[in-house]
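Look at the chain below from one end to the other before reading on. The paragraphs that follow go from the whole chain to single residues.

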Amino acid sequence: PEQPTQGQDLVSRMRSATQPAENISGQLVNMKQILAFTDRTLYAAALARFYLVFQAVDLLISRHLSEPGWVELAGPLDLVLSSRVSGFEADLEYLLGKENVARTLEQIRGNEALAKVV
């Protein structure tokens, strides 16, 4: 993968850092997609992975809102991501039960490829 350099903007650095994990994740998602849609627990686990990514991106955007040019892009994007994050949380609670969401997220956070992204 391309190594980030000092002069790269945030978007380029994010793209460089996440590309290998995104490739692996994309392949795994495509292979498991059919199974995930047939089993509630598998579907919730797949959804939880995306939740963690959206949550991390939302946090990153909120930390960089003061960078030049980001307020125009990230302001509306932050509203969309925040809405998606809360939507993921509601879906996970529905699929897993409120008491099981934290445990499932902790198990998924241990995934090495996902840890590189978030």
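Two residues are said to be in contact when they have heavy atoms within 4.5 Å of each other. Among the contacts in the protein chain with a separation of 6 or more, 63% are between residues 24 or more positions apart. This is a predicted model, in which local features need pLDDT of at least 70 and side-chain atom pairs count only at pLDDT 80 or more, while totals for chains, interfaces and linings use all residues. Residues are numbered from 1 along each chain as its sequence is written, and side-chain values use heavy atoms, with hydrogens and water left out.

The secondary structure of the protein chain consists of five helices and zero strands. Helices (H or I, at least four residues) and strands (E, at least two) are DSSP runs, numbered from the N terminus. Read from the N terminus, the order of the elements is α-α-α-α-α.

Accessible areas come from the Shrake-Rupley method with a 1.4 Å probe, and for residues only the protein chains shown count as cover. The protein chain exposes about 8000 Å², of which carbon and sulfur atoms supply 58%. A residue is buried under 20% relative accessible area, exposed over 50%, and partly exposed in between (1.4 Å probe, protein chains only). Of the 118 residues in the protein chain, 26% are buried.

Now turn to helix H4, residues 98-109. Which residues of H4 are buried? They are Val 101, Thr 104, Leu 105 and Ile 108. These residues cover an arc of only 100° around the axis, so they are on the same side of H4; the arc is that of the directions from the helix axis to the C-beta atoms. An α-helix has 3.6 residues a turn, so residues three or four places apart point the same way. The face of H4 turned away from the buried side carries the exposed residues Glu 99, Ala 102, Glu 106 and Gln 107.

Thr 104 counts as buried because its relative accessibility is 11%. Leaving aside neighbours within four places in sequence, Thr 104 is in contact with Ala 48 and Leu 96.

Another buried residue is Tyr 51, at 4% relative accessibility, and Tyr 51 lies in helix H2 (residues 40-63). Not counting residues up to four places away in sequence, Tyr 51 touches Val 85, Phe 88, Glu 89, Leu 92 and Leu 105. Tyr 51 and Leu 105 are 54 residues apart in sequence, yet 9.1 Å apart in space, C-alpha to C-alpha.

Side chains of opposite charge can pair when their charged atoms come close. A salt bridge is a side-chain nitrogen of Lys or Arg within 4 Å of a carboxyl oxygen of Asp or Glu. The structure holds one salt bridge. Glu 106 and Arg 109 form a salt bridge through their side chains, at 3.0 Å from N to O. The two residues are three apart in helix H4, so about one helical turn separates Glu 106 from Arg 109. Glu 106 is exposed, with a relative accessible area of 51%, and Arg 109 is partly exposed, at 36%.
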